[in-house]
Structure formats: C-alpha cells, structure tokens
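Here are my notes on the model, written as numbered points to go through with the structure open. Have a look for yourself before reading on.

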Amino acid sequence: MTNLVLFGPPGAGKGTQASILKEKYQLVHISTGDVFRYNIKNETELGLSAKSYMDKGQLVPDQVTIDMLKAEVEANEDVKGFIFDGFPRTRAQAEALGEFLASKGEEVDAMIALEVEDEVLVQRLLERGKTSGRPDDADESVIRKRIKVYYEETAILKEYYKKDDKYYGVDGVGSVQEITQRLSEVIDKLI
Ligand code: B4P
C-alpha cells in the first residue's frame, strides 16, 4: 500500500490536489475537513461538536479527530493506499497515525508539503469564501487564526517526518496543473 500525507497550511491546495491525485493513482482520499463538514451538514453529534471549533478557526480536539480518522480507514478494505488530507495536524495525531498504520503492517510513506506564502493563502481563502458558504472562509480574522494555529501546532510535523527522510516540499504556487505535475514527480518515485 502507498500512504501519503498531503500537508500544508490552510488554503495551500491540499483538497484541490488530493481530488486529482486520488484518481490518477487510484488511492482513497480521506479529508478530515470534508468528513467534519459532512457531519455538520447532517447535524450529527460529531458535527455539532466539531462546528464550534471550526467556525472559530481552531482545531477539533485530537481524540475526536483520531477516532474519526481510524473509522474512515477501517471503512476501506483492499485498497491501494490512502491520501491523508488535513491529517495529521498535531504531534499526537501523527503519533496515533503511525501506531494505527503499524498495527496493520503499514506506515506513512511520505509527507508531501505544499509551500505557499501567507498572503496568497489569505487571498485564496477569501476568494473561496465568496461562494463556498464555509463560515471559516468568510472572515479574514478567522482565516488568519487558522494560519496562526498551523504555525503553532501543525508546522512542527515537518521535522517529525524529516527525521525519517519522509518529507518532500513542493512549491504550491502556480496553476493547479503545474502543481499536480510537481506532486506527481515526487509520487512517481515512491510508487
Ligand atoms: P480543511 O478542510 O483541511 O481545510 P483547508 O485547510 O482550508 O483546505 P485546503 O488546503 O485543502 O485548501 P483547498 O485545496 O481547498 O480544514 C478545515 C478545518 O477543519 C480546520 O480549520 C479545523 O478546524 C478542522 N480540521 C480538519 N482536519 C483537522 C484535524 N486533523 N485536526 C483538527 N481539526 C481539523 O484550497 C483552498 C482554495 O485555494 C480553494 O478555493 C482552491 O480553489 C484554491 N486553490 C487551490 N489551488 C490553487 C492554485 N494552484 N492557485 C490558485 N488557487 C488555488
């Protein structure tokens, strides 16, 4: 199996690229943000709990997110591998993912990070906010809070994967097709 973590700050293009790459490489795409939004829309208990954090630009608590991720993986049998999009976002999540995959004789093969500067992120998310209906894209202060949380809690995971030589940085500025090409050059060497 091939297990890829697609990484980067909010608005870096993880979701955009994961949707393309899952088709190209026949991998299962798990976006924790999408699963939360599905649960919010369907007013599940998980959704109601996640909404209060997401609307403020905060991370949903680790245990809730980890349990949800495990259930998503378990729901997919006999697959070629996974693209994890938006997970892990904290050290506890990275450790839990490693242990969970190890229990199945698997591991994270690579973390591929999309590198985009902050002002481009803010502009992309404000633009999406005009049509997405996502409360966390509608307000610039919430967008900046999400970027701040990324630097405080998530960015350290680069070091976590670098120490095992699993980190690959890719320039995330350019056309969607150009970035798919850059990501594919990394993935083709892994698969
Ligand atoms: P996510 O759903 O993961 O959202 P994101 O970080 O905003 O998105 P992404 O980087 O995928 O951007 P996209 O491709 O859409 O998280 C939302 C919230 O959920 C978090 O704040 C948190 O509260 C919660 N959450 C999720 N996972 C969690 C976890 N593991 N632990 C705790 N909480 C968690 O691209 C953004 C925009 O840019 C789009 O409009 C797109 O069209 C545009 N774009 C993409 N590529 C472009 C390009 N090359 N050029 C120009 N624009 C581009």
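1. A caveat before the details: this is a predicted model.

2. Let's start with the ligand. Its shell holds 31 residues, and the closest of them are Gly13, Gly15, Gly33, Gly86 and Arg128. By type, the shell splits into 15 polar, 10 nonpolar and 6 charged residues. Which helices supply at least two residues each to this shell? They are helix 1 (14–25), helix 2 (32–41), helix 3 (45–54), helix 6 (118–132) and helix 10 (176–190).

3. Next, the annotations. An unreviewed UniProt entry puts a "binding site" feature at Gly11, Ala12, Gly13, Lys14, Gly15, Thr16, Arg128 and Gly174.

4. Ala12 sits in the loop between strand 1 (2–7) and helix 1, while Thr16 is in helix 1 itself. Are they buried or exposed? Ala12 has 23 other C-beta atoms within 10 Å, so it counts as buried. Thr16 has 17 C-beta neighbours inside 10 Å and therefore comes out as partly exposed. Leaving out residues up to four places away in sequence, Ala12 touches Leu114, Val116, Leu121 and Gly172.

5. The unreviewed UniProt entry also gives "binding site" at Thr32, Arg37, Gln58, Leu59, Val60, Gly86, Phe87, Pro88, Arg89, Gln93, Arg134 and Arg146.

6. A cis peptide bond joins Phe87 and Pro88, with omega about 0°. Pro88 lies in the loop between strand 3 (81–85) and helix 5 (91–102), and it is buried because 26 C-beta neighbours fall inside 10 Å. Setting aside neighbours within four places in sequence, Pro88 is in contact with Gln93, Ala94, Leu97 and Leu157.

7. Apart from residues up to four places away in sequence, Gln93 touches Asp62, Thr65, Ile66, Phe87 and Pro88. That list includes both partners of the cis bond, Phe87 and Pro88.

8. The largest nonpolar core has 36 residues, and the members that touch the most other members are Leu4, Leu6, Ile83, Phe84, Met111 and Ile112. Which strand gives the most to this core? Strand 4 (residues 110–115) does, with 5 residues. Leu4 makes a handy entry point: not counting residues up to four places away in sequence, it touches Ile83, Phe84, Asp109, Ala110, Ile112 and Ile187. There is also a second, separate core of 5 residues, among them Val35, Leu46, Ala50 and Met54.

9. Glu43 is not a glycine, yet its phi is positive, about 50°. Glu43 lies in the loop between helix 2 and helix 3, and with 10 other C-beta atoms within 10 Å it is exposed. Asp165, also not a glycine, has a positive phi of about 55°. Asp165 is placed in the loop between helix 9 (157–162) and strand 5 (167–171), and it counts as exposed, given 8 C-beta neighbours inside 10 Å.

10. Last one: Glu107, in the loop between helix 5 and strand 4. Glu107 is partly exposed, with 13 other C-beta atoms within 10 Å; the cut-off for exposed is 12 or fewer. Ignoring residues up to four places away in sequence, Glu107 touches Asn3, Leu101 and Ala102. How many Å separate Glu107 and Ile143, C-alpha to C-alpha? The gap is 32 Å in space, for two residues that are 36 residues apart in sequence.

Note on methods:
Residues are numbered from 1 along each chain as its sequence is written. This is a predicted model: local features need pLDDT of at least 70, side-chain atom pairs count only at pLDDT 80 or more; totals for chains, interfaces and linings use all residues. A residue is near a molecule or strand if its C-beta atom, placed from the backbone, lies within 6 Å of it. Helices (H or I, at least four residues) and strands (E, at least two) are DSSP runs, numbered from the N terminus. Ala, Val, Leu, Ile, Met, Phe, Trp, Tyr, Cys and Pro count as nonpolar, Asp, Glu, Lys and Arg as charged, and the others, Gly among them, as polar. A nonpolar core is a set of buried Ala, Val, Leu, Ile, Met, Phe, Trp, Tyr and Cys residues joined through C-beta atoms within 7 Å. A residue is buried if 20 or more other C-beta atoms lie within 10 Å of its own, exposed if 12 or fewer, and partly exposed in between; C-beta atoms are placed from the backbone. Two residues are in contact if their C-beta atoms, placed from the backbone, lie within 7 Å. UniProt positions are given in the numbering used here, feature names are shortened, and annotations may be inferred rather than shown by experiment.
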